[in-house]
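User: Could you take a close look at the salt bridges here and walk me through them slowly? I am new to this.

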Amino acid sequence: MEVILADCVHHSLRHFMYRNAIFMCERLCSEFPSETNMQLLAGCFLHNNQAYAAYHILKGTQMAQSRYLFAISCFQMDLLHEAEAALCPPNEPGAEIPNGAAGHYLLGLIYRYTDRRRSAIQHFQQALSIDPLMWCAYEELCILGAAEDASSVFGEAAVLSIQKQYLHHRSENLQTLNDDLNSASARNNNSDEVRTRQLKHTQSNNLRDIPTNYQGTVNLGGAASQIVNGGSNISFYNTPSPVAAQLSAIAPPPLCRNTQQNGSSINSLGADSCSRSTVNSIIQAPRRKFVDEGKLRKISGRLFSDSGPRRSSRLAGEAVANTNVSAANNGTTNSTKYLGGSKLNSITLRSMAVRKGQSFANENIDEGIQNEAFDDSRSNASLSVSSSSPSSGNRTLEQEATKSVGGSLTNDAKIINGASEILGLLRILGEGHRLSCLFRCQDALDVYLKLPYKHYSTGWVLSQVGKVYFELVDYLEADRAFSLARHASPHSLEGMDVYSTVLYHLKEDMKLSYLAQELISTDRLAPQSWCAMGNCYSLQKDHETALKNFQRAVQLNPRFAYAHTLCGHEYVALEDFENGIQSYQSALRVDSRHYNSWYGLGMIYLRQEKLEFSEHHFRMAFQINPRSSVVMSYLGTSLHALKRSEDAMMMMEKAILADKKNPLPMYQKANILISLERFDEALQVLEELKEYAPRESSVYALMGKIYKRRYMHEKAMLNFGLALDLKPSAADVATIKAAIEKLHVPDEIEDNL
């Protein structure tokens, strides 16, 4: 009953019928209360997104797997300290972390979200060393900025590690096969005497029951020349019995004890009793621990009905007339038709497929069906044939084991080649992801281009390419990459939050609205969907509604750092700086390398004229992303406000070199030059800037200010007029008009006013 219930639960989980799995598992735990069954029930609740139920079920359990599932439940409920205590019990400092690489990965996440970066890195690295294919651990290292070069992580050592894992599983399976072989050999030796006594007893009984003619031979009619098995007729052929000579004048037992002359039908049930009783005695023998019942049935079936290549003696079956066949020529049917090479090979294939800890319930049930499915001709096999070579079944198993060991060389080569191919692919993907997380964007693009087209054209890779272009402030290329990603994987939400920001900067309100609606219809419970909706409202200057959407994203996933940052941007737009600071700080608690939040804090402090704080936060953002032209520009602005003009000039030069298409650092450089009264250099910079931003009103307004200070009033008036024609913001319009009114007022008097 326990096996059936457990198998039903696993079957339901495999088919995503979680309610059925929970119900049946509750019956299992009620009937057979054990910690192992409680683990299964907790797993059902976790599959059904009911971490709280798994938490209460597993609280106080001690087994390693129970502690791991309990830690998963605590992590999902944001009970990080309890999750850590489950994985690393305080009273057992040297306890092994359960579930190997998965346990180290979970512990790394706990340390990351509790701001213990060094410990988190250590456990992510440990997870990768145990399982080189744990990509998520390498992703976390990239996010933390601590990932090693992908060629070293996914190199030759990783290939050897994968090979070692597969060899370990294979050695376990071969050991299981050897255990089965030894068990079968012991049972075969112990049952030799029993089979001999049964053989003699059966022969003596059969000789009395066989109707014979005057020559002492069996006379079977046409009806007896065929055996019906599941509706199929199997013809018989005359084959000399290999044991007739050994038994001298004693005839082997016929297939039927109650055979009558002149075509009487065969009583197959009576004929089954001899061989089936022997086979059943082996199956029902005391079993070794951890030996699979299905495998024992396979082995026992071979020992008595498929002991190597042999000739089978069958009943005479001439279709034209009754034929007298010598009783010495009676024998067995050819059972190799049912238990031939393919059946023999299945034990090796199954043993290789079954891993440690896997349930054998399905295999047992299948084997039981197969044993019962064989026809009566299988069970009518002569015991004399089996007894003539008692070790032939063992030799067959030994040959199979030898084949398994010999074929392992080829399998090893395949494993090495396969692991090398997988790790070669991961080296490219890992290096591209590592470089993009370090904001070495152009290098990351070059690496991604090395991928085969079938991998480059996947949604995940194209989304990463879109993010790289976004960091390069190349919004048109980012839009193109994200559009291809949507086409490749329309169901995936990977990177769609960034895509919505790309469309926001491009002011593509129609495309952004369509994207937001599509994402909401795809998954209303994904934070990316609500970030897209919030950006849509923010583009329409409806900042309050946008803020509500971003807050919904935070509610759905409090560990989604970008949603916190977008909330901060909206608070700043609403001039609610206090809540803006809290939102940015929440993002940094989730991801300390989220440079957008450091930048946002710097902007708030710059507007509040807290210049030292502003410079600190801009510098933190610069250390994380030293290639952002925007971050460098504002860092230079804060340095200039702190009267550190030379440092500010150096930072502006770096910003211009980082992105020549970005007008902001050139504009700020011109401002710094004006403050240093280097007007000619400032005009030269602004003339160059007009080529990149010909419709930027602030450029012309600043040029008008320079001409005014140089008493070139006509040129000043011309540039002020051009600035107004470009429709600046209302605040800029008021500033420009005030400058026009004071055009002939000297700067000294204007400053005093």
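Analyst: Here is a walk through some of the salt bridges, pair by pair. This is a predicted model, where local features need pLDDT of at least 70 and side-chain atom pairs count only at pLDDT 80 or more, while totals for chains, interfaces and linings use all residues. Residues are numbered from 1 along each chain as its sequence is written, and side-chain values use heavy atoms, with hydrogens and water left out.

Side chains of opposite charge can pair when their charged atoms come close. A salt bridge here is a side-chain nitrogen of Lys or Arg within 4 Å of a carboxyl oxygen of Asp or Glu. The whole structure holds 19 salt bridges.

Let's begin with Glu82 and Lys59, whose side chains meet at 3.5 Å, N to O. Glu82 sits in helix 6 (residues 80-87) and Lys59 in the loop between helix 4 (51-58) and helix 5 (64-76), so this pair ties together parts 23 residues apart in sequence. Helices (H or I, at least four residues) are DSSP runs, numbered from the N terminus. Glu82 is partly exposed at 28% relative accessible area, and Lys59 is partly exposed at 48%. For these words, buried means under 20% relative accessible area, exposed over 50%, and partly exposed in between (1.4 Å probe, protein chains only).

Next comes Glu431, which pairs with Arg434 at 2.6 Å between the closest N and O atoms. Both lie in helix 19 (residues 392-437), three residues apart, about one turn of the helix. Glu431 is buried at 14%, and Arg434 is buried at 11%. Together with Asp149, Glu431 and Arg434 are linked in a network of salt bridges.

How values were computed
Helix = DSSP H or I, 4+ residues; strand = E, 2+ residues; numbered from the N terminus.
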